[in-house]
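Here is a short note on the aromatic contacts. Please read it next to the coordinates.

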Amino acid sequence: MIPLMPTLPPALASWMDPFGFGRAAVDYWRDGLERSTLYLDVMRQRGNQYLEHIEQTKPNVLGFESEVLLDGRDLPCPVNYELMRILPPEGVETDPLMRPFVVVDPRAGHGPGIGGFKPDSELGVALRAGHPCYFIGFLPYPEPGQTVEDVVEAEVAFLRHVISLHPDTAEKPMVVGNCQAGWQIMMAAALEPEVFGPILIAGAPLSYWAGHRGQAPMRYTGGMTGGSWVTTLLSDLGDGLFDGAWLVQNFERLNPANTWWSKQYHLYSRVDTEAERYLDFERWWGGHVVLGGQEIQYIVDNLFVGNRLSTAQMVTADGRRIDLRNLRSPVVVFCSRGDDITPPPQALGWVQDLYQDTDDLIANEQTIVYCVHDTTGHLGIFVSGSVSRKEHAEFTANMDYIDVLPPGLYETAISRAEDRPDAELIERDYLLEFQPRSVEELDHEIQHRADDERRFATVARVSEINQGLYRAFLQPWVQALATPESAHWMRRMHPNRLGYRLLSDRNPLMVPVPVLADRVRRDRHEVGEDNVFRALEGVVSSQITHALEAWRELRDRSLERWFQDVYGQPLLQLLVGLGGDAPVRRQPGAEPEQRRFVQQRHAAIRTRVAEGGSHEAVMRSVIYVLGGAPATDGRNFQRLRASRAELEPDARLADFKHLVREQFFILEQDRELALETIPTLLEGLAADEIDAHLEHIDHVLAASGELSDRAAKRFARIRELFESARPEPAPSSTPDETPEGAPGAAGSLEASGTSPASETPASSGAAKAAETPKTSPAARKTAPAKAAPAKNAPAKSTPSKAATASKASSAPETASSEASGKVKASSATSGARRSGPRQTGARRRKPPESKS
């Protein structure tokens, strides 16, 4: 770099500097100077990249080619959102018959595209799996008068359009919402549940008051500023627009060590290799967008401060209540303990806010699956390549299984296939298992505190008071002084934006930087990690990081203590109407209407215990046995679905889902009665049909390896129930008996309305179910027939129609083959039969004729 700088001969240098400290110092000084020049050049490139990005009409950071299908500005209520189709890259093919995959990006200060930022992303994983992919992004500036409800309606319109593009696909689109987009699509799904398939919300806050003491300091922000009036002030100063840079600044303040030192030092210390990665991320991080004043005020008042979404207190402008219990799609909640923006309590707290217990959740037919990562940060949940290759890949691969999971709460566990004893049964690199949980078990993650909840409710009341005072006394003056030009310059001068502009080519002082950087790259003298001064640099950097972390912890503890002391004062709570036993917020799960709904739901299920046929019996058995296992996974589902496809090729996933959920409800309501009724559902089946169903169940259960002891005991009981429904074999025919057509044989048989299947003694459970007044019409029709043979011939001596027909044959062998053919035809009929009450004419029994 400095050719005129004299250098000592090696021998002389060793004599003058025997320990090498001097030479190490010179090498480190030269390397530090070169790294500083290269670092400054990267900052210059970052500034140029920022200016180029914000000057685009539709900036995004998508790593895939796309085409716009629907522009939100053309909708009846215009919004700055648009629906795009993701074009698969070269070598990747998608199947239009597979479930569509829609990613909605967060609009929380940054621009769109982070969900498809690189090949190992949510979109990249879905494309490689063959799903047709779509992306809902947005433009930098909102439409005039745009509201959050307008955006929600636009997203519903986009999903309807996606569904219309796949008329031959029965499954509804899977929708992924990252961060802010998560709660937004949950609102849309609560209003229009029929357009949504499974929903994955990654790092999305839904319960804003939740959090652990000593963690999640961002939830105290509303209280520290006295409520949402500051948001209104910034919107007024922005002439009705709110600069997203303020939101980004709030995120950066959460971790000052990373913002002010670690992030920049990481680039400086590895400037030769990290520049490209750093610039790619900064293109998204610095792409600030603008929100409408009405939008951000709606968000802060109803969500961040008011916490009204998780308690069903939000009502749209046209009077519709936004109740998350209206969702009919499975919800996958992905969060992380390393996330300081959306910690697990805020991602999962809405479950306990809405549902009193697990029975309440099941009665609402809600399936909730949650996955808690141990370490990754907020952005890593939907940006990290390792997370995409593992968690997101498994969610995508198992989405059909999640779609048919019985209602309830499940926690997922992901294990590496090669580390499991049943590795030969696993087709993928990882196995995603689902472990049933109760609503009460969420206390481990949420740690609800009633006293903290009362403090946040006090903040909400104080916010309303301060907001009213601001609007009455200050807002008219601020709005009169603010102009479009003043708002424009305020955005330009924001510290986060200004930092990019100052370190760009538009600053004359940066002109020599690229020239010096090129010269350094041509003659780079990089020192190794073994340089003593380079090692000392790392130690100093670590100390600076620890000092900033200590300052952050002191700041956060002080703010938390201040918040608790101020808003925990009984006098303040009394003044805002929350003194004594005053209710803090709505408890939807404990309301009398909800409890009556749960009771009515249970009563309705009891009436359907004995309805159905062999498909219902098989599904009920599988659910019962798997319920005895500590966890289930998608392998059972794949085999069960494949087996059912053989029996009913035209069956849709929606029908399969309905069957699974219906039988789960029945088992959940009254397990013993549901099991005892299985023989009733199997009445009329031949022995080989029952054997085939047992073999089918065994095949499905074997997909996940050897059964646990508890599950094996349950399967043994299922075998006993199926065996009890097996018809007794017909007695061997003799040549002396009456041939077919004689009134003494077939005539008496038809008069009694019996058949070999109906003459089989039912198990005590089946008889009990048939006698109950809540059995199905089909079951009630068969009940009188059981008593009819008592006044005729004994059951074991009454020949069947098949046997009677065989007696007219010339040889016993012919009779045997005809009877066997009869059984095979019966089995084929049963295999093609749709689920539902058994009304097959060939097996329906006639009521006994009167003696007269």
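Which residues form one aromatic cluster?

1. Trp209, Tyr220, Phe456, Trp562, Phe563 and Tyr567 do. Rings of Phe, Tyr and Trp (its six-membered ring) pair if their centres lie within 6.5 Å; planes under 30 degrees apart count as stacked, over 60 as edge-to-face and the rest as tilted.

2. Some ground rules. The model is predicted: local features need pLDDT of at least 70, side-chain atom pairs count only at pLDDT 80 or more, and totals for chains, interfaces and linings use all residues. Residues are numbered from 1 along each chain as its sequence is written, and side-chain values use heavy atoms, with hydrogens and water left out.

3. Searching the whole structure gives 22 aromatic pairs. One of them, Phe281 with Trp285, is stacked, at 5.8 Å centre to centre and 20° between the planes. About one helical turn separates these two, because they sit four residues apart in helix α10 (residues 271-285). Helices are DSSP runs (H or I, at least four residues), as are strands (E, at least two), numbered from the N terminus. Phe281 and Trp285 are both buried (under 20% relative accessible area; exposed is over 50%, partly exposed in between; 1.4 Å probe, protein chains only).

4. Phe334 and Phe395 pair edge-to-face, with 5.6 Å between centres and 75° between planes. This pair links distant parts of the chain, 61 residues apart: strand β11 (residues 331-336) holds Phe334, and helix α15 (residues 385-397) holds Phe395. Phe334 is buried at 0% relative accessible area. Phe395 is buried too, at 0%.

5. Now the charges over rings. Arg46 lies over the face of Tyr500, 4.2 Å from the ring centre. Arg492 lies over the face of Trp489, at 4.9 Å. The criterion: NZ of Lys or CZ of Arg within 6 Å of the ring centre and within 35 degrees of the ring normal.
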